[in-house]
Amino acid sequence: MRDTLRRIARIPTAILSDALGRRGTMAAAIKPVIPGTQLTGIAHTIRCYPGDYLTLLKALAEAREGEVLVVDGGGVPEAALLGTLMAIEARRKGLRGFVIDGAVRDLRGLKQVGVPVFARAVTPRVGTAEHLQQTQVPIICGGAPVQPGDVVRGDEDGIVVIPGKRVREVVLRAQEITRHEAQVMRKLKHGRPLAEPMKLLDRLIELRKRG
């Protein structure tokens, strides 16, 4: 799996999203809180009570090296579920990062710690720690279904989730797309119009015939 993760880490999320048939892509609002951040790892799922980080603390204690903590935080933007101290603990444990459908805080501290964090919002207001929910269960994060053990890939464009059972298939498809785009790029550099290698004119003619 380590070799596979290294291969996935070199593939942009845009290509992976295409390879997944546009499925498994999280909401556009979930972005790296520090520009340029990327992550790749195995999903450790968390379902938090909205605005409450107690279950995330539990998961942080359970999680293993190489995992990404993926949090269904209910999308609440006014209460932070993560800050510098949790990021320091994640780095100590060798975790790959956090993906949070909710808010975080302490951007300066998070940048210094260097653990990748993707979230929906940033706020100075901390959440509560009163409601213990579930970990390592199927969740919906940013509109995308996530199972424990799925592969999570994040870059500047956002987050894509690859189902564990489809990893090999998706990687092979992504490689095919990458090769095709490289061919199109070469043709563009030689002065060919984009519509030609993309076969857009053929599609337009076919649509007109149908109309």
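Modeller: Here are the overall numbers, then a few residues.

Biologist: Fine. What kind of model is it, and how are residues numbered?

Modeller: This is a predicted model: local features need pLDDT of at least 70, side-chain atom pairs count only at pLDDT 80 or more, and totals for chains, interfaces and linings use all residues. Residues are numbered from 1 along each chain as its sequence is written, and side-chain values use heavy atoms, with hydrogens and water left out.

Biologist: How many helices and strands are there?

Modeller: Seven helices and 10 strands. Both are DSSP runs, numbered from the N terminus: helices are H or I with at least four residues, strands are E with at least two.

Biologist: And what share of the residues is buried?

Modeller: 45% of the 211 residues. Buried means under 20% relative accessible area, exposed means over 50%, and partly exposed is in between (1.4 Å probe, protein chains only).

Biologist: What about the total surface?

Modeller: The accessible surface is about 11,600 Å². Carbon and sulfur atoms hold 52% of that. The areas come from the Shrake-Rupley method with a 1.4 Å probe; for residues, only the protein chains shown count as cover.

Biologist: Now T13. Buried or exposed?

Modeller: T13 is buried, at 3% relative accessibility. T13 sits in helix α2, residues 13-19.

Biologist: Which residues does T13 touch?

Modeller: Setting aside neighbours within four places in sequence, T13 contacts R153, G154, D155, D157, G158 and V160.

Biologist: And where is E181?

Modeller: In helix α6, residues 167-189. E181 is partly exposed, because its relative accessible area is 40%.

Biologist: What does E181 contact?

Modeller: I15 and D18, leaving out neighbours within four places in sequence. E181 and I15 are 166 residues apart along the chain, yet their C-alpha atoms are separated by 9.7 Å.

Biologist: What about Q136, what is its phi?

Modeller: About 55°, positive although Q136 is not a glycine. Q136 is in the loop between β6 (134-135) and β7 (139-141). Q136 is partly exposed, at 35%.

Technical notes:
Contact = heavy atoms within 4.5 Å.
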